[in-house]
Structure formats: structure tokens, C-alpha cells
Amino acid sequence: MARTVGIGNQDFETVREKEYFYIDKTHFIRQWWESGDHVTLITRPRRFGKTLNMSMLEKFFSVKYAGRSDLFEGLSIWNEEKYRQLQGTYPVLFISFADVKETSYPQTRKKICGIIRQLYDRYRFLLDGNLLGENEKKDFRNVSATMQDYEASGSVRALSDYLCRYYGQKVIILLDEYDTPMQEAYVN
């Protein structure tokens, strides 16, 4: 039975759930994990599948997808017990700048800060309880599309620290299309 290719689909979960044609690249998870690198830069040509691979990493590691073995069953990563136990055990921040195509610096800055604000909105539950001190809660609430430079520059690091404390695990940060704002600035 022929499978639908699903051209342009960049969400791993959708590709797997709809059973679109997929070339198993889960060996990348093993290769990346075992490298022990703290930072990895993936440079490949456009339309090479970078975003789909990052989506795969998010779905594999993220606590949000704990218990979603259905996404990985039948793929090479699922052959090893070690990785089956690892699936869904880390907090993951997946940030994409793909839509940051503004024509001025102030608009670009506001758009990026808005993306960070949306990221914080997903984790508003961190404001409940005593995990964060009063100053941290204040800083958390100050994250906005119009926040000051000093607030913006440390906001992702701060959220990563909060999530690390909450989950007791280091946070995996996936940054996609990091060059889009710079490319748009150059073109415009």
C-alpha cells in the first residue's frame, strides 16, 4: 500500500499519526545523545528536514509527550530499552523564529519578545506554589512583547532554570530558524 508523502509537513507527531511516508531518522537521537555535546549546530540546506528532526527530538524527549510510545514504535530508536526509558523524561523548550520576518529592528525585537512571552504562557503553572521566589515571580510576570532588553536577554535562561528546578532535569532547548530574523534584516 502506497503512503502519502505529506510534502512540507514539519510536525513529527502529525507525520506518524497520519502514517505519512517517513524515512526513519531516529538514529539521530541516539547519535546526538551519545555525543554528550552541550551545544549542537545543525547546518543543512533548505528543505533538508531540520525542523522535522527538531520536532522529532521534542516529541522524543519532552515530558509533554511522556507515554507517547506510539510515535516511536517500529522505528530504530525503539529497539533499545535504554532509549525507551528515556522517552518523555526531559523538559524541552522548542523555539522557532520562522515567522520573524519583520522589516524593522523594533518590529523584529517585539516579535521575538512575543515568541518568548508565548513560551512563558505555556509554563504559567510555575507561578503556583513556592518553586519561584517573589522576585522570580515578578520577573516571570514582566516577560512581555515590550519587555526591556535586560529582561529579554535573560528570559530563556531564567525559564530554563525554573523548569530545571520543577522537573529536576536539565532543559533541552531547541532553537529553529535562528537565522531568519538576520536574513530578513539583510534582505530588507
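The buried residues of helix 2 pack against helix 3, helix 4 and strand 2 (172–176). The model is predicted, so local features need pLDDT of at least 70, side-chain atom pairs count only at pLDDT 80 or more, and totals for chains, interfaces and linings use all residues. Residues are numbered from 1 along each chain as its sequence is written, and side-chain values use heavy atoms, with hydrogens and water left out.

## Exercise 1

Task: describe helix 2 and its contact with helix 3.

Solution. 

Step 1. Identify the elements. Helices (H or I, at least four residues) and strands (E, at least two) are DSSP runs, numbered from the N terminus. Helix 2 covers residues 27–35 and helix 3 covers residues 50–61. Gly 36 follows helix 2 and has a positive phi, near 70°.

Step 2. List the buried residues. Buried means under 20% relative accessible area, exposed means over 50%, and partly exposed lies in between (1.4 Å probe, protein chains only). In helix 2 the buried residues include Phe 28, Ile 29, Arg 30 and Trp 32.

Step 3. Axes are lines fitted to C-alpha atoms, for helices over the stretch in contact, and angles run from 0 to 180 degrees between N-to-C directions. The angle between helix 2 and helix 3 is about 75°, and their axes are 10 Å apart.

Step 4. Classify the angle. Under 35 degrees counts as roughly parallel, over 145 as roughly antiparallel, 65 to 115 as roughly perpendicular and the rest as oblique. Helix 2 and helix 3 are therefore roughly perpendicular to each other.

Step 5. Name the contact residues. Contact means heavy atoms within 4.5 Å. Phe 28, Ile 29, Trp 32 and Trp 33 of helix 2 meet Met 56, Leu 57, Phe 60 and Phe 61 of helix 3.

Step 6. Sort them by class. Ala, Val, Leu, Ile, Met, Phe, Trp, Tyr, Cys and Pro count as nonpolar, Asp, Glu, Lys and Arg as charged, and the others, Gly among them, as polar. The contact of helix 2 with helix 3 has 8 nonpolar, no polar and no charged residues.

## Exercise 2

Solution. 

Step 1. Take Asp 149. Asp 149 is partly exposed, with a relative accessible area of 49%.

Step 2. Take Lys 111. Lys 111 is partly exposed at 32% relative accessibility, and Glu 102 is partly exposed at 22%.

Step 3. Take Asp 70. Asp 70 is partly exposed at 39% relative accessibility.

## Exercise 3

Task: count the aromatic pairs and classify Trp 33 with Tyr 90 and Tyr 120 with Phe 140.

Solution. 

Step 1. Apply the rule. Rings of Phe, Tyr and Trp (its six-membered ring) pair if their centres lie within 6.5 Å; planes under 30 degrees apart count as stacked, over 60 as edge-to-face and the rest as tilted. The count comes to 13 aromatic pairs.

Step 2. Classify Trp 33 with Tyr 90. The ring centres are 5.3 Å apart and the planes are at 70°, so the pair is edge-to-face. Trp 33 lies in helix 2 and Tyr 90 in the loop between helix 4 (81–86) and strand 1 (92–96), 57 residues apart. Trp 33 is partly exposed at 27% relative accessible area, whereas Tyr 90 is buried at 14%.

Step 3. Classify Tyr 120 with Phe 140. The ring centres are 4.7 Å apart and the planes are at 65°, so this pair is also edge-to-face. Tyr 120 lies in helix 5 and Phe 140 in helix 6 (residues 134–142), so the pair ties together parts that are 20 residues apart in sequence. Tyr 120 is buried at 2% relative accessibility, and Phe 140 is buried at 0%.

Step 4. Join the pairs. Ring pairs link Trp 32, Trp 33, Phe 60, Phe 61, Phe 72, Trp 78 and Tyr 90 into a cluster.
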